[in-house]
Amino acid sequence: MENAIAKQYNCRPVQPYVPYKWPLALDLLKQNYEILFSDHTFEKLTPYFDIAKTCCIHLFGVTGYFTTDPDNIETILSAKFDDYSLGSRRLATHPLLGEGIFSQDGPAWKRSRELIRQQFVRVHKETPRAFTSHVDSLLASISDASVGGLVDLKPLMFEYTLNTTTSLLFGEPHSSMSKEEGNAVRENFDHASFGCGIRVRLADAAFLYNPAKFRKSCKAVRDWATFFASKAMKYKDEHGEEAAAERYPFIIDLWKEMQEFDLVRDQLLHILVAGRDSTASLLCWTVFHLVRNPNILGRLQKEIDCVPREGDLSREQIQKLPFLRCCFNEILRLYPTLPMNIRFANKPTILPRGGGPDGTSPVLLSKGAGIVWSVYHLHRLEDIYGPDSRLFRPQRWESGELIKNARLGVGFVDFNGGPRVCLGKDYALMEASYALIRILQAHPNIRIAPGVANEPVGAEKQAYTIGLYPLEGVQVVLG
Ligand code: HEM
């Protein structure tokens, strides 16, 4: 059957491959692990993605593929979506997340997606007003944390998104816990997410990474989610479903459909993981670059000048700030939340490009073949983003031409593309916009802290758990 498909579509094998020296290419595995624990993970992977836009890798005697070709990425995400599955993601993330949207395929995923999509229809009406109290707390914690005007915004951004997301899901913010408990949850979350990242890389051998500290962190996070979800269920038992749905709409709506406590709790954890690091990373990298580029910061401040400083911000006010959106596009281009992604062919299928001596022929993927695409490297391709693709230059988005040329969901996949496109996109953009506007209004003289390096894009230290964020913090002087 595979031969017939290959003949019908004129497929050719992918010729470029990642060179290796040791039997079964075990040296590549070793290199990959050294890179994972380095402070420049995605930069150090660049030589692999520079070999060719589509290239193969022979690991343990099995052939897999790497690509940054937008046409191939569109095929995986959209055109032939049904031909691919997440593979071992479920196994890798199960100790932390259990069953839920992020690791499901097929009918189970469709059902989860529809349930969660309905929640975001409701949430759309409540945002951005729902962020006001959290932004107020963020501003207060920035003032409290500043020592002589100097402050690291990174932990405060992560606290902000943890509070917004726990309020959204659990009906109350994480900050309702004691400081010690809150810190412990955050540490366990980071450790468990990092462990899941290692397990994802081990694919079917994920079970090999299961140390006691990882298990303990996963349990602590799950216990924490259980505590909040149980509170809602207790409230329902005491006050009835209607009253509980007013107070805990996310949990009760999921419960009505799923009728199983563990499934509801796991689904909440999936959304929490999707929503927390991603938006915090966007905020961190944005401030990181704004304070390093005073001209761009000045332009943004001028645009924001028209926004009232008091009261709730509205969706319309935020949408009237095109340069703010350009800044976010540029950050999501250079620092995508999911810098690398993988799918496995669940039947023989075709990639449109990458085969033959010039890499332009279709390629046959056998059932079970894995394909990794690097959003990080796709978003830095010169043929899409120009010779200055490695510079932070939000102005490149201004005319609207770039988004047309790059094609949303094809050459620019900030929030993914196709049927699995991010469900929290609007929520995240409102959340990040609201916080950034208020920070810039409250601190018009914000600038980079003295003695902090201002290195070119690509030289900065990056940390990676679920999101890609600056390793050394976002050190600023408030002014
Ligand atoms: C800047 C912020 C964000 C970025 C860049 C982002 C990006 C993404 C990406 C790339 C995916 C696809 C993952 C995959 O391949 O499976 C995704 C999925 C998802 N995101 Fe986001 N996300 C952000 C914020 C949020 C927030 C705040 C929420 C919810 C509160 C959220 C909820 C989800 C959900 C539920 C999915 C799973 C969709 C599915 O599998 O059908 N995201 N997001």
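A residue is called buried here if 20 or more other C-beta atoms lie within 10 Å of its own, exposed if 12 or fewer do, and partly exposed in between, with C-beta atoms placed from the backbone. The structure is a predicted model, in which local features need pLDDT of at least 70 and side-chain atom pairs count only at pLDDT 80 or more, while totals for chains, interfaces and linings use all residues. Residues are numbered from 1 along each chain as its sequence is written. Helices are DSSP runs of H or I with at least four residues, strands are runs of E with at least two, and both are numbered from the N terminus.

Because 14 of its 18 residues are buried, helix 21 is largely enclosed by the rest of the structure.

One of the packing partners of helix 21 is helix 15 (residues 294-304), which meets it at an angle of about 100 degrees, with the axes 10 Å apart. Helix 15 is therefore roughly perpendicular to helix 21; angles of 65 to 115 degrees count as such, those under 35 as roughly parallel, those over 145 as roughly antiparallel and the rest as oblique. Helix 15 contributes Leu300, Gln301 and Ile304 to the contact, and helix 21 contributes Ile437, Leu440 and Gln441; two residues are in contact if their C-beta atoms, placed from the backbone, lie within 7 Å. By class, this contact has four nonpolar, two polar and no charged residues. Ala, Val, Leu, Ile, Met, Phe, Trp, Tyr, Cys and Pro count as nonpolar, Asp, Glu, Lys and Arg as charged, and the others, Gly among them, as polar.

Helix 21 also takes part in the shell around the ligand, as do helix 7 (106-126) and helix 14 (261-290), each giving two or more residues. Helix 14 supplies the largest share, six residues. Of the 24 residues around the ligand, those that come nearest are Gly275, Ser278, Cys422, Gly424 and Ala428; a residue is near a molecule if its C-beta atom, placed from the backbone, lies within 6 Å of it. The shell divides into 13 nonpolar, eight polar and three charged residues.

Gly98 follows helix 6 and has a positive phi, near 65 degrees.

Further backbone features lie in the loops. The peptide bond from Thr127 to Pro128 is cis, with omega near 5 degrees, and Pro128 belongs to the loop between helix 7 and helix 8 (132-145). Gln259, although not a glycine, has a positive phi of about 55 degrees; it sits in the loop between helix 13 (249-258) and helix 14 and is exposed, with 9 other C-beta atoms within 10 Å. Asn10, also not a glycine, has a positive phi of about 60 degrees and lies in the loop between helix 1 and helix 2 (26-36).

Ala6 belongs to helix 1 (residues 2-8). Ala6 and Ile350 are 344 residues apart in sequence, yet 8.2 Å apart in space, C-alpha to C-alpha.

Note on methods. Axes fitted to C-alpha atoms, helices over the stretch in contact; angles between N-to-C directions.
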